[in-house]
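Me: I would like a close look at a single part of this model, with the residues named. Please keep it to what can be read from the coordinates.

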Amino acid sequence: MKAITMTWVDTPLGPLVAGVTEKGLCLLEFTDRRSLEAQLKSLHKYFGCAMVPGRDSLLESLKQELGEYFSGKRKNFSIPLDVPGTEFQQKVWKELCSIPYGKTRSYEEMAIRLKNPKAKRAVGRANGTNRIGIVIPCHRVVNKDGKLGGYGGGLWRKQMLLDLERNHLRG
């Protein structure tokens, strides 16, 4: 691997930092996320290469897909992903991608769907280590009572993303 190509992506909810490998998107985080530095360190751990600013066709595709998502024209992303992690993290992230646009699931529901009903805290941890916000829709996971749980990009953004999806479903 040569390097992870990085760029900034402006969105209605603030700027995102995005990174791609030759295989796919490996990072999409709000620039003010508290754990962004930890996410960058995990990328270095998994990929062991430099992160450099630049242009890439995958980054251009990502910008287009995000624009379509925020305008309500896209409900599913097609950009390829490159998301190394533990086997459990991989299962959680795959399950996140199965949550329909505009819908939510609880951490407990996620654990049950993963055939590990006692793992709701582990699901929460894996959800929190997701390095690809919005595209891997960790914002669609809520507490059992329907209230918002944590979100690395801030609860206000989580609410805005959920509202955006619900509004576009109605419209």
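Which residues have the most contacts inside the largest nonpolar core? Please also describe what surrounds them.

Reply: This is a predicted model. Its largest nonpolar core has 38 residues, and Leu-28, Leu-62, Leu-66, Leu-96 and Ile-134 have the most contacts inside it. At least two residues of this core come from each of E2, E3, helix H2 (57-70), helix H3 (87-97), helix H4 (107-113), helix H5 (120-128) and helix H6 (155-170). H2 gives the most, with 6 residues.

Leaving aside residues up to four places away in sequence, Leu-62 touches Val-9, Ala-18, Leu-25, Leu-28, Ile-79 and Val-135. A second, separate core has 9 residues, Val-17, Cys-26, Leu-27 and Cys-49 among them.

Now the sheet. Its 4 strands form an open sheet in the order E3-E2-E1-E4, and the pairing is mixed. Strand E3 (25-30) and strand E4 (50-53) are at the edges with a single partner strand each, so one side of each has no neighbour in the sheet. On average, neighbouring strands of this sheet are turned by 25° against each other, direction ignored.

Strand E1 (residues 3-9) pairs with strand E2 (residues 16-20) in the antiparallel sense, over 5 bridges. Within E2, Val-17 is the residue that stands opposite Trp-8. Helix H1 (residues 36-47) packs on the sheet and touches E1, E2, E3 and E4. The direction of H1 makes about 170° with that of E3.

How values were computed: Residues are numbered from 1 along each chain as its sequence is written. This is a predicted model: local features need pLDDT of at least 70, side-chain atom pairs count only at pLDDT 80 or more; totals for chains, interfaces and linings use all residues. Side-chain values use heavy atoms; hydrogens and water are left out. Two strands pair if DSSP finds at least two bridges between them. Axes are lines fitted to C-alpha atoms, for helices over the stretch in contact, and angles run from 0 to 180 degrees between N-to-C directions. Contact means heavy atoms within 4.5 Å. A nonpolar core is a set of buried Ala, Val, Leu, Ile, Met, Phe, Trp, Tyr and Cys residues joined through side-chain atoms within 4.5 Å. Buried means under 20% relative accessible area, exposed over 50%, partly exposed in between (1.4 Å probe, protein chains only).
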